[in-house]
Amino acid sequence: MQHNIRKSEQDDREDGHNNGDVVMLHIPSVRERPNSNSETDDALPNVPLYESAIIGIFEISKVLTAPCRLEVTLANVVDLLQSFVQMRHGIVSLFHDEGVPDITVGAGWSEGSDERFRMRLPQKVIDEIVASDKSLVAENVAVHPSFSAADKEVLGASDDTPVSFIGVPIRIDANVVGTLTIDRILDDASSARLDYDVRLLTMIANLAGQTVKLHRLFACDRERLMAEKDRLQKELSELKQPARERKKVHVEGIIGDSPALRRLLEKIAVVAKSNSTVLLRGESGTGKELVAKAIHERSARAKRPFIKLNCAALPETVLESELFGHEKGAFTSAFTARKGRFELADKGTLFLDEIGEISASFQAKLLRVLQEQEFERVGGNQTIKVDVRVIAATNKNLEEAVARNEFRADLYYRISVVPLLLPPLRERRGDIPLLATEFLRNFNRENGRTLTFDASAVEVLMNCGFPGNVRELENCVQRTATLTPGPSIVRDDFACCHGQCLSAMLWKSGSEEMALQSGPIRPVPAKPAAPPAEAATSIPPFGSELAPLAPVGAALVGGAKMADRERVIAAMERSGWVQAKAARLLGLTPRQIGYALRKYGVEIKRF
């Protein structure tokens, strides 16, 4: 008999290999076996059971190593399991890291049928297996305490239909990631084989766990490689594009498309990725606070606080309390303890505007906080540690202040880690129409009007110096829009066209010269020595560092120095890049100014 069983199994295996199908083994139950003495009954079943187990595990190992989707692989395992384990239903269920069901498959699985198999799982028992990391065996679920009434109903167990259940955990390393469960109608044969089937299912679950681990590792590596591929392709495509066609950096609140502004926005995108201290340099009204906020919002600290403080608006004693906080009773009006701006900005960004205006004594206190990231509240002795990124801003020439001992050199080096120079509006005149249109749109929305700019109005704005930069432009648009009686703003609506613009008066009287002197540090060319006769006939300088280009009517030829080129550019900027106006400012003819522009390679800006 034993020989016949082995031969039958061998024939089945050969037929299965020849047909390319899964080997199906028939394990006879006790009722199917012929009657014999007890000794034979005890001995005979053991051999085919263990042989069929070895054959089954071998076939399952081939299924697990096949190049298929994980769902298909596990479903094939359950299909094959029916060949050598007595069972009614078999289900493999996997979970995500958060315990959420991921894959649930069984015999006859097809795409989209996970929910059908998930409804066959006794949920309370599954949770117990996952939590305890132990197998659960119930000879009769109707009397087992781990099964709830809902679980018994799911399994179809009743007094008339006793059901056995086996569930084993699927592990990856020391973590339970799923379960392998079977249920069957209870009979004498199934009751005798419970321990044997538990050990067999445990071995299969261990093999399945290794397969799941490999699939998940492969999926993670594939996602990482695909993301890296997309990133490299994106960088390559950007490099292949001309510089003008590359993707532009957009920052909310910063309007313009001039080359100077684009360069600034690109620097903002790079600087925002680090935690380095930033020093914003620029004239008043260039938008230093907007740039500071843009750096914060594009950084890893974007969800943390953005705290700002104008250092020039407060006296030293109040400034210390504002920045560091104070304890109760630290001074007369300190009725309660109060956090300072450094504490409020912990894990975020602190913007210190007008940092060049703080006193020398307070500079030493600020230096320690920037270096050590720790301080004590006013009136307290407890040291407080913080993690704050500092962005400072000033329109003051800090280098000159350091040279005059008005600003500490060590504090200067501490805050000027990454200096960013904000271009004045006169260096980005192409942005004036965009800015003016946005300001007029805001005015219309707030005042219920529908004003527009006439072409002559845009020309007036383009020819204005705007020493107050964007802030002055906004004020100019609001003032003109308020006083405009018609549906559109025309040239005559501007106060400067009637000699009533106070900003223009300040500009012409030399306020721009002061703005240039107090602006960010730049190389200042030495004034060329001029003979008294030339000095007497020269045109007033455009800026503090600009001497007259040449006597009235003198041709710009030979012996020209670099300072001459700067004066030509300054005159063109002042005249709105109109050559005839620039020629009159410099005491030249239009032909001479054209020759000078060509000689020095100055590109004409067209608006």
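**Exercise 1. Classify Phe324: is Phe324 buried or exposed?**

Solution. Start with the cut-offs: buried means under 20% relative accessible area, exposed over 50%, and partly exposed in between, with a 1.4 Å probe and protein chains only. Phe324 has 4% relative accessibility, so Phe324 counts as buried. Now take Phe362. At 0% relative accessibility, Phe362 is buried as well.

A note on the model. This is a predicted model, in which local features need pLDDT of at least 70 and side-chain atom pairs count only at pLDDT 80 or more, while totals for chains, interfaces and linings use all residues. Residues are numbered from 1 along each chain as its sequence is written, and side-chain values use heavy atoms, leaving out hydrogens and water.

**Exercise 2. Describe the ring pair of Phe324 and Phe362, and find which helices hold the two residues.**

Solution. Step one is the method. A pair of aromatic rings is described by the distance of the centres and the angle of the planes. Step two is the rule. Rings of Phe, Tyr and Trp (its six-membered ring) pair if their centres lie within 6.5 Å; planes under 30 degrees apart count as stacked, over 60 as edge-to-face and the rest as tilted. Step three applies the rule. The centres of Phe324 and Phe362 are 5.8 Å apart and the planes stand at 25 degrees, so the pair is stacked. Step four places the residues. Phe324 is in helix α12 (residues 316-324) and Phe362 in helix α14 (residues 360-372), so the pair links distant parts of the chain, 38 residues apart. Helices (H or I, at least four residues) and strands (E, at least two) are DSSP runs, numbered from the N terminus. Finally, Phe324 and Phe362 form one aromatic cluster with Phe342 and Phe375.

**Exercise 3. Work out which parts of the chain the pair of Phe306 and Phe351 ties together.**

Solution. First, count the pairs: the structure holds seven aromatic pairs. Phe306 and Phe351 form a stacked one, with 6.5 Å centre to centre and 15 degrees between the planes. Next, locate the residues. Phe306 lies in strand β7 (residues 306-310) and Phe351 in strand β10 (residues 349-353), so the pair ties together parts 45 residues apart in sequence. Both Phe306 and Phe351 are buried.

**Exercise 4. Find the largest nonpolar core and name the element that gives the most to this core.**

Solution. Begin with the term. A nonpolar core is a set of buried Ala, Val, Leu, Ile, Met, Phe, Trp, Tyr and Cys residues joined through side-chain atoms within 4.5 Å. The largest core has 40 residues, and Ile60, Leu81, Phe84, Leu180 and Ile204 touch the most other members. Elements giving two or more residues include α3 (46-64), α4 (70-81), β4 (163-172) and α9 (194-240). The most comes from α9, with nine residues. Zoom in on Ile60. Contact means heavy atoms within 4.5 Å. Apart from neighbours within four places in sequence, Ile60 is in contact with Val77, Leu80, Leu81, Phe84 and Ile204. A second, separate core has 30 residues, including Leu323, Leu350, Phe362 and Val386.

**Exercise 5. Describe the surroundings of Ser575.**

Solution. Then check cover. Its relative accessible area is 5%, so Ser575 is buried. Now list the contacts. Leaving aside neighbours within four places in sequence, Ser575 is in contact with Asn463, Lys581, Ala582 and Leu585. Last, look at the side chain. A polar atom of the Ser575 side chain lies 3.3 Å from the backbone oxygen of Val578.

Technical notes. Polar contact = N/O pair within 3.5 Å; in protein donor to acceptor, adjacent residues only side chain to side chain.
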